[in-house]
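Please look at the sequence and the model shown below.

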Amino acid sequence: MEKESSTSRPVSGSDGSLNLFHWQCLIPGKDGTDWEGGHYPLSIQFSEDYPDNSPVCKFPQGFLDPNVYPSGLVCLSIIGEDWKPTITVKQILVGIQDMLDNPNPSSPANHDINNLYLKEVSVTHASA
């Protein structure tokens, strides 16, 4: 089976022009994970200070993941405290794809979802 990759494109205006500061992306779920088969929409907003400042990455509001705020804002070190101007859009998308299957419970953005995740991990490990 051919491996799917993320897609990302600048948003088109009603006049057909491209807004290079706002991109719409689809992140496919990785094979063999709970996310497999899904395609998850993400928007990336670049500032005029990019690449000196990281872009803002957001899933739709209410996206359920321990490392995604209820607003949809992604909490990931490579677009936060570990940002470097050399990080590419592809690296950001792969990092977010990895985050979906390997959440960081020690740095939750959504505490309620993180608590559910930790309970599920606890139950899974107890029954293994």
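Val56, Tyr69 and Leu73 make a nonpolar surface patch of about 220 Å². Such a patch is made of residues with over 30% relative accessible area and no salt bridge, with nonpolar side chains (Val, Leu, Ile, Met, Phe, Trp, Tyr) joined within 5 Å. A salt bridge here is a side-chain nitrogen of Lys or Arg within 4 Å of a carboxyl oxygen of Asp or Glu. Accessible areas come from the Shrake-Rupley method with a 1.4 Å probe, and for residues only the protein chains shown count as cover.

The model is predicted: local features need pLDDT of at least 70, side-chain atom pairs count only at pLDDT 80 or more, and totals for chains, interfaces and linings use all residues. Residues are numbered from 1 along each chain as its sequence is written, and side-chain values use heavy atoms, with hydrogens and water left out.

Helices (H or I, at least four residues) and strands (E, at least two) are DSSP runs, numbered from the N terminus.

Leaving aside residues up to four places away in sequence, isoleucine 96 touches Ile27, Leu42, Cys57, Phe59, Val74 and Leu76; contact means heavy atoms within 4.5 Å.

There are seven aromatic pairs in the structure. Rings of Phe, Tyr and Trp (its six-membered ring) pair if their centres lie within 6.5 Å; planes under 30 degrees apart count as stacked, over 60 as edge-to-face and the rest as tilted. Two of the pairs are listed here.

| Pair | Centres apart | Planes | Kind |
|---|---|---|---|
| Trp23 and Phe46 | 5.5 Å | 65° | edge-to-face |
| Tyr50 and Trp83 | 6.2 Å | 45° | tilted |

Tryptophan 23 in strand 2 and phenylalanine 46 in the loop between strand 3 and strand 4 are 23 residues apart. Ring pairs join Trp23, Phe46, Tyr50 and Trp83 into a cluster.

Is tyrosine 50 buried or partly exposed? Tyrosine 50 counts as partly exposed because its relative accessibility is 30%, where buried means under 20%, exposed over 50% and partly exposed in between (1.4 Å probe, protein chains only). Phenylalanine 46 is buried at 7%.

How values were computed: Patches are made of residues with over 30% relative accessible area and no salt bridge: like charges are joined within 9 Å, nonpolar side chains (Val, Leu, Ile, Met, Phe, Trp, Tyr) within 5 Å.
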